[in-house]
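Subject: Structure handover

Hi,

Here is the structure I promised to pass on. Please open it alongside this note.

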Amino acid sequence: MSGSVLFTAGERWRCFLTPSRSSLFWALHNFCCRKKSTTPKKITPNVTFCDENAKESENALDKLFSSEQQASILHVLNTASTKELEAFRLLRGRRSINIVEHRENFGPFQNLESLMNVPLLKYKSTVQVCNSILCPKTGREKRKSPENRFLRKLLKPDIERERLKAVNSIISIVFGTRRIAWAHLDRKLTVLDWQQSDRWSLMRGIYSSSVYLEEISSIISKMPKADFYVLEKTGLSIQNSSLFPILLHFHIMEAMLYALLNKTFAQDGQHQVLSMNRNAVGKHFKLMIGDSRSSGKELVKQFLSDSILKADPRVFFPSDKIVHYRHMFLSTELQRVEELYDSLLQAIAFYELAVFDSEP
């Protein structure tokens, strides 16, 4: 393969390539979920917005919606919890968190204009949010959505959407032939813990089940309780006989982790361990080149920097741990410690794709 380096025994089985390198705002429709005969007269049709930063009159938003509609929107914004706000597609992720935090710090929203004081909400996005509150998708529309098909490809085994929406924290686990790494993130994308272990004796000589059990049990004993434990599902083909030792190792690891994690952290007899499609994570972060996935090192490095330099970073590293994580990253920068990087990226993708169902 041109421009690639393939690592086999002694390193993680991966192909590393050099990483590869908005549209007009859709017109505000006339109260999308209702018949034309019941469309509120006060919604202004065919309104176009040419400048994101253009200043509107003080009552511009109020003129778009009737007093009853404004009251309904404000009731939701002033009473709904973060999880309840996330039921509206345009309020998933950081927006719902920012709305609740702004409400707690400055009191209830008095009018729709005040919503634009919330981080990540400007005039256009505020109009969208108001319409999404007034016109939530119906159950029939949701069934027609390809969302469920996407989730079945992304995660195994199948998991109820309600359980995913209620997630508070997860542990993302990625393993290779020489090391295993895991990242513990909450729904605010705050990194609660991030570790790796590369001092194990697996894949040396015979595949001893007792050695696997001892090594994996030791690692699991360090993990805290979480709502889900997410394992990376590799895409190695079983038809390639030369990969049999690697495949055997991966299958033993996966089986051991499933059994031990479910036994240790089982709740009400429900699955606590999920497998996540590796290539789907790669596509989410634009790391795929053809069928191969490039390194996520530079992306993780950027997340670490943004956590220090930006007021509202995509990923949050607590100030009391950022020095430790930066040191851990720098100490491995000259090596190909992809498991460490991938465990963090997989956790972020899990929230953004499966929980928030939105692109950042």
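Below are the points I found in it.

This is a predicted model: local features need pLDDT of at least 70, side-chain atom pairs count only at pLDDT 80 or more, and totals for chains, interfaces and linings use all residues. Residues are numbered from 1 along each chain as its sequence is written, and side-chain values use heavy atoms, with hydrogens and water left out.

**Helix α5.** Helices are DSSP runs of H or I with at least four residues, strands are E runs of at least two, and both are numbered from the N terminus. Helix α5 covers residues 123-134. 12 of its 12 residues are buried, so the rest of the structure largely encloses α5. Buried means under 20% relative accessible area, exposed over 50%, partly exposed in between (1.4 Å probe, protein chains only). Among the buried residues are Tyr123, Lys124 and Cys130.

**Positive patch.** Arg149, Arg152, Lys153, Lys156 and Lys283 form a patch of positive charge on the surface. Helix α7 (residues 147-154) gives the most, with 3 residues. Lys153 sits in helix α7. Lys153 counts as exposed because its relative accessibility is 67%.

**Backbone.** Most residues other than glycine have a negative phi, and most peptide bonds are trans. Lys156 and Pro157 are joined by a cis peptide bond, with omega about -10 degrees. Leu120 has a positive phi of about 80 degrees. Leu120 lies in the loop between α4 (94-106) and α5, and is partly exposed at 43% relative accessibility. Lys286 also has a positive phi, near 55 degrees. Lys286 is exposed, at 62%.

Best wishes

How values were computed
Patch = residues over 30% accessible without salt bridge, like charges linked within 9 Å, V, L, I, M, F, W, Y side chains within 5 Å. Areas by Shrake-Rupley, 256 points an atom, 1.4 Å probe, with all protein chains shown as cover. Salt bridge = Lys/Arg side-chain N within 4 Å of Asp/Glu carboxyl O. Lys, Arg positive; Asp, Glu negative; His and termini not counted. Charge placed at Lys NZ, Arg CZ, Asp CG, Glu CD. Expected span 1.5 Å × (residues − 1).
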